[in-house]
Amino acid sequence: AERIITVSEFSKAEIHKYYGVPPEKMNVVYNAWQQMQRIAPDESIFARHPQLKPGQYYFSMANLLKNKNFPWVLRAAGAKPDAVFAIAGGGSLAAEAERLGLADLPNVLYLGYVSDGAAKALMAHCKAFLFPTLYEGFGIPPLEAAACGAPQIIVSDTPCMREVYGPCAAYIDLTTNPGDVDAVTPATAPTAALLEKYSWDKSAERLLQILAK
């Protein structure tokens, strides 16, 4: 390939580290969030789940991939029984919780697969969006959550998340925090700054510059 284009400086460094690609042969073009503007929020999700009160639940999107760190959310729910933790995602999340010995948590609500519209509504009205990932190349869900109006995004303290989210996210130190949504380093900038930083228009312009060279 003449060029390799990837979505973060972290991914660029990983490609160099594991594949030996020279850094000067690679460019970074970031992801963005404007696709969320095309989605109409589906507020009916709250009628189907009346225990979800706007501004009073933590929301995450999970699967069984190890890097998504689904067990952290369960441990956080166990440590904060007065708060509701809504988890969207398919697969056997409840069965995995049982395998981990974390099935009997009355404040955890498994939503199963949700539509894009329902996810947008859930992001907009949550207390915080949780993303305790162990490894990502970019990690777009918190950016989408911020675009939908999530008042806070809480992400893992990894080089990739620091690069992408900077001061606009609260950070979980996964080496010392086994599951506590309150034990985080708070954000020091509003999530609105993320929406200014990333756009598909900027990414398209950057890609065009690379192709022109």
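**Briefing: Lys-120 in helix H5, and other local features**

Lys-120 sits in helix H5, which spans residues 116–125; helices (H or I, at least four residues) and strands (E, at least two) are DSSP runs, numbered from the N terminus. The model is predicted: local features need pLDDT of at least 70 and side-chain atom pairs count only at pLDDT 80 or more, while totals for chains, interfaces and linings use all residues. Residues are numbered from 1 along each chain as its sequence is written, and side-chain values use heavy atoms, with hydrogens and water left out.

**Lys-120**
- Lys-120 is buried but has no salt bridge. Buried means under 20% relative accessible area, exposed over 50%, and partly exposed in between (1.4 Å probe, protein chains only). A salt bridge is a side-chain nitrogen of Lys or Arg within 4 Å of a carboxyl oxygen of Asp or Glu.
- The nearest side chain of opposite charge is Glu-43, 9.2 Å away; Lys and Arg count as positive and Asp and Glu as negative, while His and the chain ends are not counted.
- A polar atom of the Lys-120 side chain lies 2.7 Å from the backbone oxygen of Met-36.
- Residues up to four places away in sequence aside, Lys-120 touches Met-36, Gln-37, Ile-39, Pro-41 and Cys-148 (contact: heavy atoms within 4.5 Å).

**Helix H5**
- H5 is mostly covered, with seven of its 10 residues buried.
- The buried residues are Gly-117, Ala-118, Ala-119, Lys-120, Ala-121, Leu-122 and Met-123.
- Their cover includes helices H2 (44–48) and H6 (141–148), along with strands S3 (57–61), S5 (108–112) and S6 (128–131).

**Asn-69**
- Asn-69 lies in the loop between S3 and helix H3 (70–79).
- Although not a glycine, Asn-69 has a positive phi of about 60°. Most residues other than glycine have a negative phi.
- Asn-69 counts as buried because its relative accessibility is 10%.

**His-16**
- His-16 belongs to helix H1, residues 9–19, and is partly exposed because its relative accessible area is 38%.
- Apart from neighbours within four places in sequence, His-16 is in contact with Val-21, Pro-22, Pro-23 and Met-26.
- His-16 and Met-26 are 10 residues apart in sequence, and their C-alpha atoms are 9.0 Å apart in space.

**Surface patch**
- Ile-5, Leu-207 and Leu-211 make a nonpolar surface patch of about 270 Å². Patches are made of residues with over 30% relative accessible area and no salt bridge, like charges being joined within 9 Å and nonpolar side chains (Val, Leu, Ile, Met, Phe, Trp, Tyr) within 5 Å.
- Leu-207 is in helix H9, residues 200–212, and counts as partly exposed because its relative accessibility is 34%.

How values were computed
Polar contact = N/O pair within 3.5 Å; in protein donor to acceptor, adjacent residues only side chain to side chain. Areas by Shrake-Rupley, 256 points an atom, 1.4 Å probe, with all protein chains shown as cover.
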